[in-house]
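Dear colleague,

I am handing over a structure for you to look through. Please keep it open while you read the notes that follow, which concern its charged side chains.

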Amino acid sequence: MANSELFKTPAAANSAFTRRQSGVALITVLLITAILVGLTTQILSSHHLVIAQHQNSFEQEQALQYAIGAEELARQALYDDFVNSGPGVDHLEEFWAQPTLPFDLDGVGVLQAYVVDLHRCFNLNSLGGDAGDLNHERLKRLLANLDLSPDIADLVKDWVDPDQIAMGFGAEDSAYQLRQPPHLAANQSMMDISELNSLADVEQAAIRLLAERTCLVPDTGMKINVNTASALTLSALDPTVSLGDALAITQLPRNFLTMDEFISANPAFNPVRADLSVTSEYFLLIAQAQLNRSRVSLFSLMWRDPSSGVITLLQRDFGKRFRHDYLALDGEDSP
C-alpha cells in the first residue's frame with residue numbers, strides 16, 4: 001500500500017501519540033517557566049525599585065533632620081553668646097561667627113553650616129522706612145562702589161515704599177503692568193532677595209552682584225554693627241567715608257564694646273552714629289546636609305530678642321542653593 005501508516009501496529013501508533021503529547025507538554029512547561037521567570041524578574045525589579053525609593057526617602061528625611069539639627073545648634077550658640085558674653089556686644093571673634101569645617105556624618109555624608117550676621121550688610125528694606133530717602137542715597141553710593149548704575153536704587157525704592165509715585169528712573173504699577181507677564185510693584189518690604197529679579201530692565205549680572213552684597217531683614221530700620229559690617233556697607237553710610245577708609249577698618253580685628261569707643265577711634269562716623277551699633281538682632285543660618293545622593297539645603301532667618309536673648313525662628317527656606325561664600329564672607333570687601 002502507498003501509505004505505510006496502514007501497516008503500523010496499535011503499539012507503534014500509541015508510541016507516536018505519546019511522543020507528540022510529550023512534545024506538547026514540554027512546550028507548555030517551557031512557556032509556563034518563561035512566564036514565571038518574566039513575572040519573577042518584574043517582581044524583583046519592582047521590589048528593588050521600592051527599596052531604592054524607600055532608601056532615598058529615608059536618606060532625604062535623615063538629611064533634613066541633620067539640617068534642622070544645625071539650626072538648633074545655631075540657635076543655642078546665639079543664645080549662649082547672649083547669656084555668657086553678655087547682650088552688649090557682638091563681633092566676629094565670637095563662637096557663633098567662627099568658620100567651621102564640614103562635619104562628617106558617620107562616613108556616609110557631610111554637614112556644612114555657618115551663621116551670617118544680617119547687620120553687617122545694607123538692608124534693602126530700609127528704603128521703605130522713615131529714613132527711606134536717606135537710605136536711598138546710601139544705596140546709590142553702594143551701587144557706585146560696585147560699578148553698577150545708581151538708577152537701580154530708584155527701582156528698589158519704588159518696589160519697597162508704600163506709594164505709587166515713581167521717582168527718577170524708578171517704576172510703579174503702570175510700568176510693571178506693561179511687562180510680560182504683567183504684575184504690580186510690591187509696595188512693601190521684600191520677603192526674599194530674589195524679588196530683585198522682578199525689577200524693571202535690570203541685567204541679571206547686576207541683580208546677582210547686588211544680591212550678593214546686600215541683605216534683607218523684616219524691618220525697615222538699618223542698624224549696622226560696626227564689629228561685623230563690610231567695608232561696602234560702612235562706606236555707603238556717609239559721603240565723607242571712602243571705601244579705602246572703610247577697608248582700613250574692616251581689615252583689622254574689631255571688638256568695640258561701646259559706640260563711644262568706636263567713634264573715638266573713627267570720628268568720621270560721628271554724623272551717622274544713630275545708625276550704628278555694636279550688637280545684632282537678625283541672623284541667617286546657612287546649612288547643607290548631604291547623605292549619599294540626598295541633599296538638603298536650609299536657610300533659616302532668626303531674630304534674637306535684645307532684652308532676653310530668646311531666639312525666634314522667622315523663616316525657613318529649602319529652595320536656595322548652598323554657598324560656601326554667602327555674602328562673600330571671605331572676600332566681600334573687595335568689589
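The count comes to twelve salt bridges, where a salt bridge is a side-chain nitrogen of Lys or Arg within 4 Å of a carboxyl oxygen of Asp or Glu. This is a predicted model, in which local features need pLDDT of at least 70 and side-chain atom pairs count only at pLDDT 80 or more, while totals for chains, interfaces and linings use all residues. Residues are numbered from 1 along each chain as its sequence is written, and side-chain values use heavy atoms, with hydrogens and water left out.

One of the salt bridges joins Asp90 and Arg304, at 2.7 Å from N to O. Asp90 lies in the loop between H1 and strand S1 (103-104) and Arg304 in strand S8, so the pair ties together parts that are 214 residues apart in sequence; strands are DSSP runs of E of at least two residues, helices runs of H or I of at least four, both numbered from the N terminus.

A second pair is Asp201 and Arg179, which meet in a salt bridge at 3.4 Å, N to O. Here Asp201 counts as exposed, at 71% relative accessibility, and Arg179 as partly exposed, at 26%.

Finally, salt bridges that share partners join Asp81, Asp90 and Arg304 into one network.

Yours sincerely

How values were computed:
Buried means under 20% relative accessible area, exposed over 50%, partly exposed in between (1.4 Å probe, protein chains only).
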